[in-house]
Amino acid sequence: MRRSFVTILAILATLASACGGSASAPAASAAPKASVAASAAPAASAAPATAAAKETADQAMARLYEAAKPEGKVLLYSSLNTDDAKKILPVFEAKFPGIKVQHTRASGEALIQKIVTEKKAGQDLFDVVETNLFEIKFIMDQGYTQKYAVASAGDFPADVRSPNDSYVAGRLNNDLPGINTAKLPPGTVIKTWRDLCDKKFEGHLAVEQGDVVIYSAFKKIFGEAEAQSLLKCLAANKPSLRSGHTEMANLLAAGEFWVTLASNGHRLAQLRNDDKQPIDWVRTDPVITDVQGMVLANKPKNPNAAKLFMEWFTSPGGQTAIAATGRVPASGKGAKFPELFNFAKAFYISTDLAASFDKDAEFWRSTFGIK
């Protein structure tokens, strides 16, 4: 769930006042998508490390591993859930003995509050941050990160990495309408989001109440008038408002409702393929794809271990470890469930959508009656 940026700024202002300083606000507007990453980078960020760009990922990791051994750990702030972290992070530790990952897990919103609080207190307690791209943009705007070019950057689509090395994504979330095939009336076919407006779904639709970005994406895909019309007709079906995508997907499998507006695709695929639940998803065109960005701290305590982790997470080995959980690797290679995205083009959530987030959140909440 994404909190209003106005709320986050209020938190920043309060913290700054408490510390006797002033907080810098993020840019008031975002650049066009092609250049948005450049506009998001802090003006005072350090020059990117160019050595890794001339090496293969294996060469970069070999060099960094030797330098990281005396550091012994990497401090990772990430919204990656604990279950998946228990599968992914030990693969890194096994490949690089003596380097431990100290994982601080929280939502993107909570991570922002934690980072701001620490920074205002003069503390530098993280090496790498990995979370939703909106939150990544926010901490970049505050000057809390620096550029770093991973050796594998060329393996990734342009939409999931910054053209000036401010950030790179390691994983993606495909946001797809979920279906309980056992509950859906016989003969019912759902091909588009608009199909969910059918009155047969009244009282049988679930919406994650924090999914404002879905409406933001609708605006870019369909235009504002059609996006508003779509949201209103969905609200007319009196959806069940839920908090948490994992819980919502589990309740879908349990038959609590027939369909969801947007579920994390990897969880739907896990339920269907691994748990043999009566689950499917709508093959939307395009596929709304949430980008999970990763950045290097401006003052990392363990700089070499931090870069080593970023190199590994984006390398074929790291992407394979991510894919093994069922999640979608940002490189698009080796996905366990390619059926989550191979049916249509992707619509990547980008930082330019943040410019209208608060306006979009107000319309989203009022339309669905969210307090």
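Contact here means heavy atoms within 4.5 Å. Helices (H or I, at least four residues) and strands (E, at least two) are DSSP runs, numbered from the N terminus. The model is predicted, so that local features need pLDDT of at least 70 and side-chain atom pairs count only at pLDDT 80 or more, while totals for chains, interfaces and linings use all residues. Residues are numbered from 1 along each chain as its sequence is written, and side-chain values use heavy atoms, with hydrogens and water left out.

**Figure 1. Helix H8 against helix H13.**
H13 spans residues 357–368, and its axis comes within 9 Å of the axis of H8, crossing at roughly 30°. Axes are lines fitted to C-alpha atoms, for helices over the stretch in contact, and angles run from 0 to 180 degrees between N-to-C directions. H8 and H13 are therefore roughly parallel to each other; angles under 35 degrees count as roughly parallel, over 145 as roughly antiparallel, 65 to 115 as roughly perpendicular and the rest as oblique. The crossing of H8 and H13 is right-handed. A crossing is right-handed if the near helix is turned clockwise from the far one by less than a right angle, and left-handed if anticlockwise. On the H8 side the residues are Glu-224, Gln-228, Leu-231, Lys-232, Leu-234 and Ala-235, and they meet Lys-359, Phe-363, Trp-364, Thr-367 and Phe-368 of H13. By class, this contact of H8 with H13 has six nonpolar, two polar and three charged residues. Ala, Val, Leu, Ile, Met, Phe, Trp, Tyr, Cys and Pro count as nonpolar, Asp, Glu, Lys and Arg as charged, and the others, Gly among them, as polar.

**Figure 2. Helix H7 against helix H8.**
H7 (residues 212–222) packs on H8 (residues 224–235) at an angle of about 135°, and the two axes are 7 Å apart. H7 and H8 are therefore oblique to each other, and their crossing is right-handed. H7 supplies Tyr-215, Phe-218, Lys-219 and Phe-222 to the contact, and H8 supplies Glu-224, Glu-226, Ala-227, Gln-228, Leu-230 and Leu-231. Six nonpolar, one polar and three charged residues make up the contact of H7 with H8.

**Figure 3. Helix H3 against helix H11.**
The axes of H3 (residues 57–68) and H11 (residues 303–314) are 8 Å apart, and the helices pack at an angle of about 150°. That makes H3 roughly antiparallel to H11. H3 passes H11 in a left-handed crossing. Ala-60, Met-61, Leu-64, Tyr-65, Ala-67 and Ala-68 of H3 make the contact with Asn-304, Ala-305, Lys-307, Leu-308, Glu-311 and Trp-312 of H11. Nine of the residues in the contact of H3 with H11 are nonpolar, one is polar and two are charged.

Ser-79 sits in the loop between strand S1 (73–78) and helix H4 (82–95). Ser-79 is buried, with a relative accessible area of 12%; buried means under 20% relative accessible area, exposed over 50%, and partly exposed in between (1.4 Å probe, protein chains only). The side chains of Ser-79 and Thr-131 are joined by a polar contact of 2.9 Å. A polar contact is a pair of N or O atoms within 3.5 Å; within protein, one must be able to donate a hydrogen and the other to accept it, and residues adjacent in sequence count only if both atoms are side-chain atoms. Leaving aside neighbours within four places in sequence, the residues in contact with Ser-79 include Arg-105, Ser-107, Glu-130, Asn-132, Arg-171 and Gln-292.

**Figure 4. Surroundings of Ile-139.**
Ile-139 lies in helix H6 (residues 133–141) and is buried, with a relative accessible area of 1%. Beyond neighbours within four places in sequence, Ile-139 is in contact with Ile-112, Ile-115, Val-129, Tyr-144, Thr-145 and Val-295. Val-116 is 23 residues from Ile-139 in sequence and 8.4 Å from it in space, C-alpha to C-alpha.

**Figure 5. Surroundings of Lys-119.**
Lys-119 is found in helix H5 (residues 108–120). Its relative accessible area is 15%, and Lys-119 is therefore buried. Not counting residues up to four places away in sequence, Lys-119 touches Asp-124, Phe-126, Tyr-144 and Asn-298.
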